[in-house]
Amino acid sequence: YLDSRYASFPSASVFEPNYLTTPGATGQTQGSADLRGFATPNAPKLSGTLTVNYNAEVAPGGWVADVTGSVSYKSKFDQQPGAGGSARLIRQDPFALANLRFALTDPSGLTTVAVDMQNLTKAKFYSNRVATVDGAYGIPGAPRTIEVSLKREF
């Protein structure tokens with residue numbers, strides 16, 4: 001739980017989409033606002049991670065399986081002070097990420113084959129967003145990814 005807010009932030013730079021005042025207009029107008037009491041950027045009120053790991057011998061001779069699953073959650077948060085302006089274009093909606101790893105290690109402990117799966121639920125989120133006079137831009141978070149790896153120690 002986090003309650004991070006500005007105690008004082010007069011004349012903060014914000015952007016207002018021009019279509020709010022002129023239908024069909026593009027771009028944004030830079031202005032200022034008092035953001036006192038607004039949440040600070042990249043500070044979700046609620047966030048957390050739950051991880052579960054299971055490790056067991058799965059075959060005669062000492063083959064070992066390792067399974068790890070995790071779920072992380074973040075409530076909504078602003079990615080720029082005041083979420084970029086009154087349209088709140090730079091506000092990230094709540095999202096959860098689910099990840100899973102399965103690894104199999106040989107009896108010698110020297111060779112491991114693993115499958116790592118990230119963002120299993122295909123959660124939509126942005127790793128970063130910013131507002132400018134040209135508009136609001138963002139870098140999407142990673143989509144579902146699956147990686148297979150082979151590790152051999154010498």
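Two residues are said to be in contact here when heavy atoms of theirs lie within 4.5 Å. The structure is a predicted model, in which local features need pLDDT of at least 70 and side-chain atom pairs count only at pLDDT 80 or more, while totals for chains, interfaces and linings use all residues. Residues are numbered from 1 along each chain as its sequence is written, and side-chain values use heavy atoms, with hydrogens and water left out.

**Overall build**

The protein has 11 strands and zero helices, where strands (E, at least two residues) and helices (H or I, at least four residues) are DSSP runs numbered from the N terminus. Its radius of gyration, taken over C-alpha atoms, is 22 Å, whereas a compact globule of 154 residues would have a value near 15 Å; the globule rule is 2.2 Å times the number of residues to the power 0.38. Along the principal axes, the C-alpha atoms fill a box of roughly 70 × 35 × 25 Å. Among contacts in the protein with a separation of 6 or more, 57% are between residues 24 or more positions apart.

Of the 154 residues, 30% count as buried, which means under 20% relative accessible area, with exposed meaning over 50% and partly exposed in between (1.4 Å probe, protein chains only). The protein exposes about 9,600 Å², of which carbon and sulfur atoms supply 58%; these areas come from the Shrake-Rupley method with a 1.4 Å probe.

S70 counts as buried because its relative accessibility is 17%, whereas V71, with a relative accessible area of 43%, is partly exposed. Leaving aside neighbours within four places in sequence, S70 is in contact with L50, T51, L97, A98 and N99, and V71 with G48, T49, L50, L97 and A98. The C-alpha atoms of V71 and L104, which are 33 residues apart along the chain, are separated by 22 Å.

**Aromatic pairs**

The structure holds two aromatic pairs, a term for rings of Phe, Tyr and Trp (its six-membered ring) whose centres lie within 6.5 Å; planes under 30 degrees apart count as stacked, over 60 as edge-to-face and the rest as tilted.

| Pair | Centre to centre | Angle between planes | Kind |
|---|---|---|---|
| Y6 and F9 | 4.7 Å | 65 degrees | edge-to-face |
| F95 and F125 | 4.6 Å | 5 degrees | stacked |

F95 is buried at 11% relative accessibility, and F125 is buried at 15%. In the other pair, Y6 counts as buried at 18%, while F9 at 26% counts as partly exposed.

**Positive phi values**

Most residues other than glycine have a negative phi. S11, however, has a positive phi near 60 degrees, and N119, which is not a glycine either, has a positive phi of about 55 degrees. S11 belongs to the segment before β1 (12-17) and is exposed, with a relative accessible area of 61%. N119, by contrast, is found in the loop between β8 and β9 and counts as buried at 3% relative accessibility.
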